[in-house]
Amino acid sequence: MMITRRAFTTALSLTGLAALAGFSPLRLISGAMAQSAADVAKPVSLPDMAIGSADAAVTITEYASMTCPHCAAFNAEVFPKIKAAYIDTGKVRYIFREFPLDIKAAAGSMLGRCIAKDDSGKYFAVIDLLFKSQSDWVMKNTTETLARIGKQAGLTQQQVEDCLKDQALLDKIAADQKYASEVLKVNSTPTFFINGEVIKGEASFEEFEKKIKPLLKS
């Protein structure tokens, strides 16, 4: 589906995100399976946010929407186990990529990028905070809550507003989403690629282990 500019502006006014009314529309495209590990590996418009050893034998790439409850549940219940067992031990490199399914998700992703800049560790911390407080900023006063989170992370009110009006940043997020949709065939969140092999949905830690362990032995 395509969020038209009129619908986009209407949605913003209804949710208190009127400052974002100048944003370009995001295309939400459906599809199927990924092309190759090489296609997954390359960032498109924005630099990858990654944690873990760059020399790790296994790379997990997650596509998530900040308003997706399944993504938030995965972040709370499964990701910490993967981090402890595989990322912190140097066996897995973990990449998080934005795939916003709505305007609020796009705003959350933009704020995360603005707060972290090029600091991947800080970015993952902000993403964690946004997921944990998802019910607050998604369901209630979105603009006010995002502004509060931004201020807690060291941004001024003006910096938060400038961030959420950054057309160039949104265009890059939209371009990356378009690539993921058209080339990698991502059509839902969360979607994961483990060395190029796709897993769709909120998979368990045990399901990830079944995929990771053989790759560590090979």
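## The largest cavity

In this predicted model, the largest cavity has a volume of about 100 Å³, where a cavity is a set of points, on a 1 Å grid over the protein atoms alone, at which a 1.4 Å probe fits but cannot get out, and a volume is the space filled by probe spheres set on points joined across faces, edges and corners. A search of the whole structure finds one cavity of 30 Å³ or more. Its lining, meaning residues with an atom within 4 Å of a point, consists of Lys42, Pro43, Val44, Leu46, Asp48, Tyr63, Arg97, Glu98, Arg113, Asp176 and Tyr179.

Strand 3 (92–98) and helix 10 each supply at least two residues of this lining; helices (H or I, at least four residues) and strands (E, at least two) are DSSP runs, numbered from the N terminus. By class, the cavity lining has five nonpolar, no polar and six charged residues, with Ala, Val, Leu, Ile, Met, Phe, Trp, Tyr, Cys and Pro counted as nonpolar, Asp, Glu, Lys and Arg as charged, and the others, Gly among them, as polar.

## The largest pocket

The largest pocket has a volume of about 220 Å³, a pocket being an open set of points with protein on both sides within 12 Å along at least five of seven lines. Seven of the lining residues are nonpolar, one is polar and four are charged.

Helix 5 (residues 103–116) and helix 8 (residues 142–152) pack at an angle of about 15°, with their axes 11 Å apart; axes are lines fitted to C-alpha atoms, for helices over the stretch in contact, and angles run from 0 to 180 degrees between N-to-C directions. Helix 5 and helix 8 are therefore roughly parallel to each other, a term for angles under 35 degrees. Their contact (heavy atoms within 4.5 Å) is made by Lys104, Ala107, Gly108, Leu111 and Ile115 of helix 5 and by Thr142, Leu146, Ile149 and Gly150 of helix 8.

The axes of helix 5 and helix 10 (residues 167–182) come within 10 Å and cross at roughly 115°, so that the two helices are roughly perpendicular to each other, the term for angles of 65 to 115 degrees. On the helix 5 side, Ala106, Ser109, Met110, Arg113 and Cys114 meet Leu169, Leu170 and Ile173 in helix 10, and the residues of this contact divide into six nonpolar, one polar and one charged.

## Helix 5, helix 6 and the loop between them

Helix 5 also packs with helix 6 (120–132), at an angle of about 145° and with the axes 8 Å apart. Here Gly108, Gly112, Arg113, Ile115 and Ala116 in helix 5 meet Lys122, Tyr123, Val126 and Leu130 in helix 6. In the loop between helix 5 and helix 6 lies Lys117, which has a positive phi of about 55° although it is not a glycine.

## A cis peptide bond

Thr189 and Pro190 are joined by a cis peptide bond with an omega of about -5°, and Pro190 is placed in the loop between helix 10 and strand 4 (191–194).

## Basis of the values

Residues are numbered from 1 along each chain as its sequence is written, and side-chain values use heavy atoms, with hydrogens and water left out. Because the model is predicted, local features need pLDDT of at least 70 and side-chain atom pairs count only at pLDDT 80 or more, whereas totals for chains, interfaces and linings use all residues.

Conventions: Angles under 35 degrees count as roughly parallel, over 145 as roughly antiparallel, 65 to 115 as roughly perpendicular and the rest as oblique.
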